[in-house]
Amino acid sequence: MKRSIVAAACAALLAAAPAVAEVKIGMITTLSGGGSHLGIDARDAFMLAVEEAGNPDVVVIEKDDAQKPDVAKSLADELIQKDGVDILTGIIWSNLAMAVVPGAVRQGVFYVSVNAGPSALAGKGCHENYFNAAYQNDNLHEAMGAYMKEQGFEKPFILAPNYPAGKDSLTGFKRLYEGEPAAEIYTQLGQTDYAAEIAQIRASGADSVFFFLPGGMGIAFMKQYAGAGVDIPVFGPAFSFDEIILGAVGDAAIGVKNTAEWSHDLDVAKSKAFVEAFKAKHGRTPTIYAAQAYDAANLILSAIEKADPKDKDAFRAALKAAEFDSVRGAFRFGNNNHPIQDIYVREVVAGEGKPTNKLIGVAVKQRQDVYAAECELQ
């Protein structure tokens with residue numbers, strides 16, 4: 001009899017409990033064409049976190065933006081209006097983010113960035129529904145500017161593609177370098193022939209080169225730079241020296257130093273477990289894009305455990321609290337919903353079969369982007 005009463009009570013409680021609502025996440029990322037390895041790494045790491053969480057109420061809808069802003073915008077509209085997603089994520093490129101994020105967050109959808117962090121969304125254009133789990137675009141470049149200044153380089157030649165992240169990169173570099181570069185040029189987005197730029201570098205009198213050329217652009221530049229035999233040391237952010245790019249460039253990248261907020265050899269328990277799990281599932285070392293996406297997924301999942309995304313205020317507060325186990329260790333947001341974090345220096349070294357990155361120090365500690373001062377969020 002007693003057992004029947006307990007069973008009945010449990011059944012009543014279950015009946016009274018609200019049904020767990022399905023949470024739809026729309027993931028728009030680059031899965032084909034140039035730079036697709038960035039989106040694939042981000043997608044694979046994001047889904048690894050979702051699989052590890054094992055929450056059957058979380059549904060991820062994947063879409064390929066093919067690195068085209070108009071495609072990304074169309075996909076976002078479809079996901080919001082037709083599929084009714086609660087959260088969007090996944091965009092790698094800043095020009096695509098600018099095409100999607102402002103409109104999405106104004107419609108009440110949350111956007112959690114796995115990579116792109118344009119200055120326009122960090123300052124006056126910040127929004128309470130926009131969170132960046134990676135960085136603000138300037139940060140890694142600022143850190144390299146500080147590092148190269150500390151190392152005594154006086155005439156850096158700096159270059160980047162002509163799009164929002166490229167402009168942020170050189171602006172960031174100059175901010176903490178605090179000196180005049182030997183030359184500053186912008187290349188075409190997606191450019192593959194750098195003969196003219198390399199000739200300019202050779203003739204510039206520069207004592208160093210800093211470049212931001214993500215994806216296939218970085219592969220093309222480094223191969224051509226090595227082939228040209230230019231004897232000027234190269235520096236850059238992690239985006240130009242991720243593990244996939246290093247596999248394509250080969251030994252020509254050995255000795256290059258780059259900045260990142262994470263490295264696969266970071267001495268953090270969660271990071272070590274993530275690297276091991278990613279390697280076991282995908283047979284490759286995760287890049288910075290994978291680490292950022294893994295953190296973004298775990299941030300979202302931690303918030304879902306606390307609140308339904310349809311309860312906007314509660315879910316927003318849960319995201320802001322960032323109570324998840326990050327591969328970077330301690331993780332916190334600034335007032336503009338961008339991370340405040342250490343930026344490390346890595347050196348490309350010979351690895352097993354191909355070059356790899358090795359953590360060698362900290363470039364800047366607990367860096368917050370300068371645009372946060374322009375954001376009205378608290």
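1. Surface. In this predicted model, the protein exposes about 15000 Å², of which carbon and sulfur atoms supply 51%. Buried residues, for their part, make up 55% of the 378 residues.

2. Overall dimensions. Taken along the principal axes, the C-alpha atoms fill a box of roughly 90 × 45 × 35 Å. The radius of gyration is 22 Å, which agrees with the value near 21 Å that a compact globule of 378 residues would have.

3. Secondary structure and contacts. The chain is built from 13 helices and 12 strands, and among the contacts between residues at least 6 apart in sequence, 70% join residues that are at least 24 apart.

4. Charge. There are 35 positive and 47 negative side chains in the protein, and the centres of these two sets lie 2 Å apart.

5. Aromatic pairs. The count of aromatic pairs, with ring centres within 6.5 Å as the criterion, comes to 20. One of them is formed by Phe-110 and Phe-315, whose rings are edge-to-face, at 5.0 Å centre to centre and with 65 degrees between the planes. Because Phe-110 lies in strand S4 (residues 110-113) and Phe-315 in helix H13 (residues 312-321), this pair ties together parts that are 205 residues apart in sequence. Phe-110 and Phe-315 are both buried.

6. Aromatic cluster. Ring pairs also link Trp-93, Tyr-135, Tyr-163, Phe-212, Phe-239 and Tyr-289 into a cluster, which a colleague inspecting the model may wish to display together with the pair of Phe-110 and Phe-315.

Key
Residues are numbered from 1 along each chain as its sequence is written. This is a predicted model: local features need pLDDT of at least 70, side-chain atom pairs count only at pLDDT 80 or more; totals for chains, interfaces and linings use all residues. Side-chain values use heavy atoms; hydrogens and water are left out. Helices (H or I, at least four residues) and strands (E, at least two) are DSSP runs, numbered from the N terminus. The radius of gyration is taken over C-alpha atoms; the globule rule is 2.2 Å times the number of residues to the power 0.38. Buried means under 20% relative accessible area, exposed over 50%, partly exposed in between (1.4 Å probe, protein chains only). Contact means heavy atoms within 4.5 Å. Accessible areas come from the Shrake-Rupley method with a 1.4 Å probe; for residues, only the protein chains shown count as cover. Lys and Arg count as positive and Asp and Glu as negative; His and the chain ends are not counted. The place of a charge is taken as NZ of Lys, CZ of Arg, CG of Asp or CD of Glu. Rings of Phe, Tyr and Trp (its six-membered ring) pair if their centres lie within 6.5 Å; planes under 30 degrees apart count as stacked, over 60 as edge-to-face and the rest as tilted.
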